[in-house]
Amino acid sequence: GLGGGGSGSMTIVPGTAPGFPPFETKQGGEIVGFDIDLLSAVVSNTDYELESWKDFEFSSLTPALKNDKIDVIAAAMTINEKRDESIDFTNPYYSADQAVLVRKGASSPPSEFAGLAGRTVGVQEGTTGASVVEKQLVKPGKIAQSKFNTYGNYVLAVEDLVNRNLDAVVLDTPVARTFVDRRAVTIAATYETGEKYGFGVRTDADDLTKALNDGLKQVRNGSKYEEIRDEWFAG
Ligand code: ARG
């Protein structure tokens, strides 16, 4: 954890939630993706050094950070007021909205977000996708609680969609587009949320937050950011 030892550089433990391509996925037991490469590039511009990645379910990342199991969250995590009450965020590094993913060739798919009323919907637990469906559709009684399914990750949700156990999955637009490339699914509608992703840090780690912001600035000013983006968002 933070502090490292002796004369060496300060080490930090990064945490993520794989199953969110192309930001973080597991490939042959190894965690890879845009967030992994971006954080590595950012940290290489600082006095810190990254230890090996730890993976958690998305909803466990904030507790893991607060309990010192990890020192930084790199998990396509949207900066929002509620989360900002318990952790700090770096400056934003990526933008997203929400997408309604359906099976390719599905009959009468919803043509807008509100069209999800009465359907069976899947989301990943603890995400902004989950809260937007809950707030707009479940709480107002447009989707029954029994038709609102939460999963540990979006790979499982999309699997259930393909297997016809769900009518739709609601998730971040860049990840929805990645699933469209890989599975027999398509985007039926989008819902504008204007989300921005940041790396999460403990509220008492101001030096680290500042170093990451400086490192991120350097990555964005040079060609490194585009390089990493082109590698993971090709096509
Ligand atoms: N951006 C969304 C959020 O912050 C979803 C993030 C999910 N990330 C992941 N690694 N599974 O709630």
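Predicted model: local features only at pLDDT ≥ 70, side-chain atom pairs only at ≥ 80, totals over all residues.

Residues are numbered from 1 along each chain as its sequence is written, and side-chain values use heavy atoms, with hydrogens and water left out.

Around the ligand there are 15 residues (a heavy atom within 4 Å), the closest being A76, T78, R83, T128 and D172. This shell divides into 7 nonpolar, 4 polar and 4 charged residues. Both domain 1 (10-93 + 198-232) and domain 2 (96-195) give residues to the shell, so the ligand lies between them.

The table gives polar contacts, which are pairs of N or O atoms within 3.5 Å.

| Side chain | Ligand atom | Distance |
|---|---|---|
| R83 | oxygen | 2.7 Å |
| Q124 | nitrogen | 3.1 Å |
| D172 | nitrogen | 2.6 Å |

Taken alone, the ligand exposes 350 Å² (Shrake-Rupley method, 1.4 Å probe), and the protein buries 100% of that.

The ligand sits in the largest cavity, where a cavity is a set of points on a 1 Å grid over the protein atoms alone at which a 1.4 Å probe fits but cannot get out, and sitting there requires more than half of the ligand's atoms to lie within 2 Å of its grid points. The largest cavity holds about 100 Å³ of space. Its lining has 13 residues (an atom within 4 Å of a point), with F20, F58, A75, A76 and T127 nearest the centre.

Definitions and conventions
Polar contact = N/O pair within 3.5 Å; in protein donor to acceptor, adjacent residues only side chain to side chain. 1 Å grid on protein atoms, 1.4 Å probe; cavity = no way out; pocket = protein on both sides within 12 Å on 5 of 7 lines; lining within 4 Å. Nonpolar A, V, L, I, M, F, W, Y, C, P; charged D, E, K, R; others polar. Domains from an automatic or database assignment. Points joined across faces, edges and corners; volume = space filled by probe spheres on them.
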